[in-house]
Amino acid sequence: MEFDPQELSAIDDPYPVFDELRKNHPVFYGAERDLWVVSRYEDVRAVLLDAETFASGMGTVPTGFVAIKPMMISRDPPYHTKLRGAVHPTFTPRRMRALEEFIRKVTRELLAAIDPEAETDLVGALTDPLPVAVITELLGVGIEDRVKFSENAGAVIHAAAGDGPSAEEGIHWIYAYLERVLALREKQPGDDLVSRLLHPEPDETRLTADEVVGFCALLLMAGTETTTNGLGNALVLLHEHPDVRRQLAQRPEGLSVAIEELLRLESPVPGLSRVTTRDVEIRGVKIPKGARVHMLFAAANRDEGAFPNADTLDPDRSPNAHLAFSLGIHFCLGASLARAELRIALEELLARFPDYRIVSDRWVRLRSDAARGFSFLPCVARP
Ligand code: HEM
C-alpha cells in the first residue's frame with residue numbers, strides 16, 4: 001500500500017483510508033515521503049506527550065515565515081518554554097472578554113451584509129474575514145491597514161499550506177509592517193498585545209524584537225486559516241445534519257459542547273509531523289533517529305477505542321478529548337479564542353439563518369497539504 005496522508009486531506013472522504021490505516025497499519029511507513037504515520041488515538045497521544053523523543057525542531061513546519069523569525073511552534077524546550085512562557089501572560093481573561101465582544105460585533109456586521117435570498121459564498125462573506133479581523137484586532141493593526149494586511153496574509157497562508165503561488169513578497173510585507181507596528185508601540189505603548197509584549201512586568205521574560213515579530217506572524221499563520229477551516233467544516237457538517245442544526249438553533253447553549261464534536265469529526269489540521277531524537281519503537285515497529293513521524297489527528301479523532309460511534313456526529317458527546325488542538329507542550333495557544341470564534345459565529349448565524357442551505361454540488365474543497373476545509377461555500381441563507 002502506498003498513500004500520501006497529506007494529499008488525502010484534500011479529498012472528499014479520506015476516512016475509509018484512515019480506518020484501514022488505524023486497523024491494519026497503525027505504524028505505517030510511507031516511502032514516497034519518507035514518513036512514519038501513526039493513526040491510533042493512543043499512539044498519537046503518546047507521541048504528542050513525549051516531546052523529548054518527538055521534537056518539533058526547525059523544518060517541521062515548511063514555510064518561509066518560520067525560517068526568518070523565531071516561532072515557538074517549530075522550537076523545542078528550553079527555547080520553546082521561554083517563548084511560550086513569555087507570551088502566556090498576555091492572553092488575559094480581560095483581553096479575551098473584550099475579544100469576544102469584538103467577535104460578536106464583527107460577525108453581526110458580516111451577517112448583516114449577506115443578501116438572504118441571493119447566493120453567497122460563506123468563505124468570502126464570513127469564515128475568511130472573521131478570523132483575520134480577530135487576529136488583527138489582537139495585534140492592534142489599524143483599521144485602515146486591515147484590508148492590505150489580510151490580502152498579504154491570505155497569500156502567505158495559502159502558499160504555506162501549498163494552495164497558492166510562493167508569497168515571498170507577502171512575507172516581507174508582513175514582517176516590514178509588523179516591525180513598524182513594533183517601533184510605534186515601543187515609543188507609544190497602548191492596550192494591545194504588542195505593547196504588552198514589549199513592556200513586560202518586572203518578573204516576566206522580555207522577548208527580543210525579532211521574537212515579538214515572529215510571534216505576531218505565527219498568530220497570523222496559526223490563528224486565521226485554521227479557524228476559517230474549522231468554521232467552514234462546522235457549517236458543512238450542520239448543513240448535512242439538519243436535526244442537529246435545528247436543535248442548536250433552539251438551544252444555543254449546547255454549542256460549547258457541540259463545537260468540540262465538530263472539530264473532532266472534521267479536524268482543520270488533519271495531521272502534523274515530528275522528528276525523532278533517538279531510535280524508538282512504536283507497537284514493535286522500529287523507527288530510527290532523525291525520522292519524520294506524522295501524527296494523523298483526523299484518524300485518531302475517529303478511533304472507536306477513544307470515541308464510541310466515532311463516525312457519528314453526537315452534539316452532546318462528553319467527555320470529548322479530541323486532538324484537533326494537539327496536546328502537550330504545543331497544545332494550541334489560541335484554543336480558547338478559536339472556540340469563542342466558532343461558538344459566537346455559529347450562534348449568530350443560526351439565530352439569523354437557521355435554515356441556510358449550502359449548494360453542495362458546487363463547493364470547493366481546499367487543495368491543501370496541511371489543512372482540511374473549503375475555499376468556496378456557496379450558500380442561500382434563507383432558502
Ligand atoms: C479551529 C482553530 C484552530 C485549530 C484547529 C488549531 C490547531 C492547532 C494545532 C493542532 C496546534 C499544535 C501544533 C503542534 O502540536 O505542533 C496549534 C498550535 C498553535 N496555535 Fe492553534 N489552532 C486553531 C486556532 C488558533 C488561533 C485562533 C490561534 C491564535 C490566537 C492559534 C495559535 C496557535 C499557536 C501560537 C500555536 C503554537 C503553540 C506552541 O507551539 O506552543 N491557533 N494549533
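Okay, hi everyone. Before anything else, keep in mind that this is a predicted model.

Let's begin with the whole chain. It has 383 residues, and they form 17 helices and 12 strands. The radius of gyration is 21 Å, close to the 21 Å that the globule rule gives for this length, so the chain is as compact as a globular protein of 383 residues. If you draw a box around the C-alpha atoms along the principal axes, you get roughly 55 × 55 × 40 Å. As for burial, 54% of the residues count as buried. One more number for the fold: take contacts with a separation of 6 or more, and 71% of them are between residues 24 or more positions apart.

Now the ligand. How many residues surround it? There are 27, and the closest are His80, Arg84, Ser326, His330 and Cys332. The ligand has an iron atom, and its only protein donor is the SG atom of Cys332, at 2.3 Å. If you want to find Cys332 on the screen, go to the loop between α16 (297–300) and α17 (335–352).

Which elements build the shell around the ligand? At least two residues each come from α5 (79–87), α12 (209–223), α13 (225–240), β5 (272–276) and α17. Helix α12 gives the most, with four residues.

Then there are the polar pairs. In the side chain of Arg84, an N or O atom is 2.7 Å from an oxygen atom of the ligand. For His330, a polar side-chain atom lies 2.6 Å from a ligand oxygen.

Asn309 is exposed because its relative accessible area is 55%, over the 50% cut-off. This loop also holds Pro319, and the peptide bond from Ser318 to Pro319 is cis, with omega near 0°.

There's another cis bond to look at, between Pro77 and Pro78, with omega of about 5°. Pro78 is in the loop between α4 (64–68) and α5.

Next, Asp192, in the loop between α10 (168–187) and α11 (193–198). It counts as buried, because its relative accessibility is 10%. Its side chain makes a polar contact with the side chain of Arg185, at 3.1 Å. Leaving out residues up to four places away in sequence, Asp192 touches Arg95, Leu138, Leu139, Gly140 and Arg185.

Last stop, helix α3 (residues 41–49). Its buried residues are Tyr41, Asp43, Val44, Val47 and Leu48. They pack against several elements, including β2 (35–38), β5, β8 (292–295) and α16. When you look at them, remember that an α-helix has 3.6 residues a turn, so residues three or four places apart point the same way.

That's me done, thanks!

Methods. Residues numbered from 1 in each chain as written. Predicted model: local features only at pLDDT ≥ 70, side-chain atom pairs only at ≥ 80, totals over all residues. Heavy atoms only, no water. Donors = N, O, S within 2.8 Å, 3.2 Å for Na, K, Ca; no water. Buried < 20%, exposed > 50% of the residue type's maximum accessible area, 1.4 Å probe, protein only. Polar contact = N/O pair within 3.5 Å; in protein donor to acceptor, adjacent residues only side chain to side chain. Contact = heavy atoms within 4.5 Å. Rg over C-alpha atoms; globule rule 2.2 N^0.38 Å. Near = heavy atom within 4 Å.
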